[in-house]
Structures are given as structure tokens and as C-alpha cells.
Amino acid sequence: MAVPYAPARWPVAVTTTAFWALAAASIVFWGLRLAAPSDAIAPPAVAKAQAEPDPAAVAQMLGAVSAQSVAATPEAASRFALLGVVADADQQGAALIAVDGKPARPFKVGATVAEGYVLQSVGTRAASLGASVDTSPALTLQLPTRPLAVMSPPTPLAGGAVAAPAPRAPGAIGAPGASAPPLTRPPAPRR
């Protein structure tokens, strides 16, 4: 009996042969690659003696001001505003400082904040600035303290009456007598 429709076998046979050829080529490639001796031997490492630069000479060459010439002046303290501090137990971290009324920028400990001032250390609510990290602090910036929120009694109105709080809409959160809406079952579907 003859089959009216015979699927073409050639595409399946060609695809299978291509996959097996690709697998064989991959095996031959990696086998030759792993079996081949290494081509180059790494040269021995030679340690060169590094000349240590003098930090004072480098700083002077880059135009740094000496530690003796920077002194905390009243106008210097007004140039800086401490807006935030991130500190750890080792007084390392960063501070958010506004300089000369410009927008605040974050500075890491050891970074130059302004000409002649370096962020030396940060504390829980303070940051110290000086000529360099190793010198004594020229000035210490403190975070501004915020007053605690105190609930004051209502202010009396004229005639001895006491101002009542603003009325809230019925059912609003926090309104007297407000409660959550009751849970209801959805209506049954009609048939």
C-alpha cells in the first residue's frame, strides 16, 4: 500500500549529521588544546625598589599652604555649614558640608573641603577641619540641634473658650467613632 504523504527525511538527516559533526569537532578542538604543551613560560617577577617621595615636598610643589599659615578665623567658621555626618567607631566616614553658601557636597575623611582645609575626622554629630589630616583641628563643625516636638495645650480663645481640633469627615482615619468598614460578602451570581 502506498502512503499518500511521506514526510521529507532529508532535513532531519542533515540536521542530525550537522549536530554530530559539531560535537566531534568540539571534542577534537578541546582535546588538542588540553594536550598541547604550554607555549610560554612566565618570566620571573623582579621587584624594583620604589623611591618614597617626601610628602611635604610634594605638597609644597602642588601649592599646598603650610599648617602654620592656616588658622581658624571667625570668618572661616562662617564659610562652612555641616548638614550631615556618616561616621563609624574609628572616626572614619563622610560629612555633608556646604562651603560658602553653595549646595552641600559629601566629603570623605582626608578630602580637601576648601583651600587650606581638609576633613580630618567625623564624630556622631561633628566634623573636624584642619590644614592636613595629621595636624590639630583648626575648627570643629557641629550639626544644628533640632528642638523636640512638644505637645502644647490648646490656646484659649476670646471669652475663655478653648479651640477644638478641626472636625474630620465621618469615617476618616483617626476620626472619633471611626471604624473599618464592615466586611460584606459579594452578591451571589444570578443564574
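Tutor: Start with a definition: two strands pair if DSSP finds at least two bridges between them. Keep in mind that this is a predicted model.

Student: What makes S6 and S7 a pair?

Tutor: Count the bridges. S6 and S7 have 4 bridges. The cut-off is at least two, so S6 and S7 pair. The sense is antiparallel.

Student: How many bridges join S5 and S6?

Tutor: Strand S5, residues 117–122, and strand S6, residues 126–130, have 4 bridges. The rule asks for at least two, so S5 and S6 pair as well. They run in the antiparallel sense. Leu-119 stands opposite Leu-129 in S6, and Val-122 stands opposite Ala-127 in S6. S5 and S6 also form a hairpin, with 3 residues between them.

Student: Which sheet do these strands belong to?

Tutor: An open sheet of 4 strands, in the order S4-S5-S6-S7, with antiparallel pairing. The twist averages 40 degrees from one strand to the next.

Student: What makes S4 and S7 edge strands?

Tutor: Strand S4 (112–114) and strand S7 (139–142) each pair on one side only.

Student: Which strands make up the other open sheet?

Tutor: That sheet has 3 strands, in the order S1-S2-S3, and its pairing is antiparallel. Strand S1 (80–87) and strand S3 (105–108) are at the edges; each has a single partner strand, so one side of each lacks a neighbour in the sheet. Here the twist averages 30 degrees from one strand to the next.

Student: How do you know that S2 and S3 pair?

Tutor: Strand S2 (residues 93–99) is joined to S3 by 4 bridges. At least two are needed, so S2 and S3 pair. They run antiparallel, and Ile-97 stands opposite Arg-105 in S3.

Student: Is Ser-128 buried or exposed?

Tutor: Buried. Its relative accessibility is 12%. Ser-128 lies in strand S6.

Student: Which residues is Ser-128 in contact with?

Tutor: Leave aside its neighbours within four places in sequence. Then Ser-128 is in contact with Val-118, Leu-119, Gln-120, Ser-121, Pro-137, Leu-139 and Thr-140.

Student: Why is S6 called mostly covered?

Tutor: Look at its residues: 5 of its 5 are buried. Both faces are covered. Ala-126, Ser-128 and Gly-130 are on one side, and Ala-127 and Leu-129 are on the other. In general, side chains in a regular strand alternate between the two faces of the sheet.

Student: How much of the whole chain is buried?

Tutor: Buried residues make up 15% of the 191 residues. The chain exposes about 16300 Å², and carbon and sulfur atoms supply 64% of that area.

Student: What makes Arg-79 and Asp-100 a salt bridge?

Tutor: Check the distance. The closest N and O atoms are 2.9 Å apart. Arg-79 lies in helix H3 (residues 74–79) and Asp-100 in the loop between S2 and S3, so the pair ties together parts that are 21 residues apart in sequence. In general, side chains of opposite charge can pair when their charged atoms come close.

Student: Why is Asp-100 called partly exposed?

Tutor: Its relative accessible area is 44%. Buried is under 20% and exposed is over 50%; Asp-100 falls in between, so it is partly exposed. Arg-79 has 28% and is also partly exposed.

Student: Which residues make the nonpolar surface patch?

Tutor: Phe-29, Trp-30 and Leu-34 make a patch of about 380 Å². Take Trp-30, which is in helix H1 (residues 10–35). Its relative accessible area is 46%. A patch residue needs over 30%, so Trp-30 passes that test.

Terms used: Residues numbered from 1 in each chain as written. Predicted model: local features only at pLDDT ≥ 70, side-chain atom pairs only at ≥ 80, totals over all residues. Heavy atoms only, no water. Buried < 20%, exposed > 50% of the residue type's maximum accessible area, 1.4 Å probe, protein only. Areas by Shrake-Rupley, 256 points an atom, 1.4 Å probe, with all protein chains shown as cover. Axes fitted to C-alpha atoms, helices over the stretch in contact; angles between N-to-C directions. Patch = residues over 30% accessible without salt bridge, like charges linked within 9 Å, V, L, I, M, F, W, Y side chains within 5 Å. Salt bridge = Lys/Arg side-chain N within 4 Å of Asp/Glu carboxyl O. Contact = heavy atoms within 4.5 Å.
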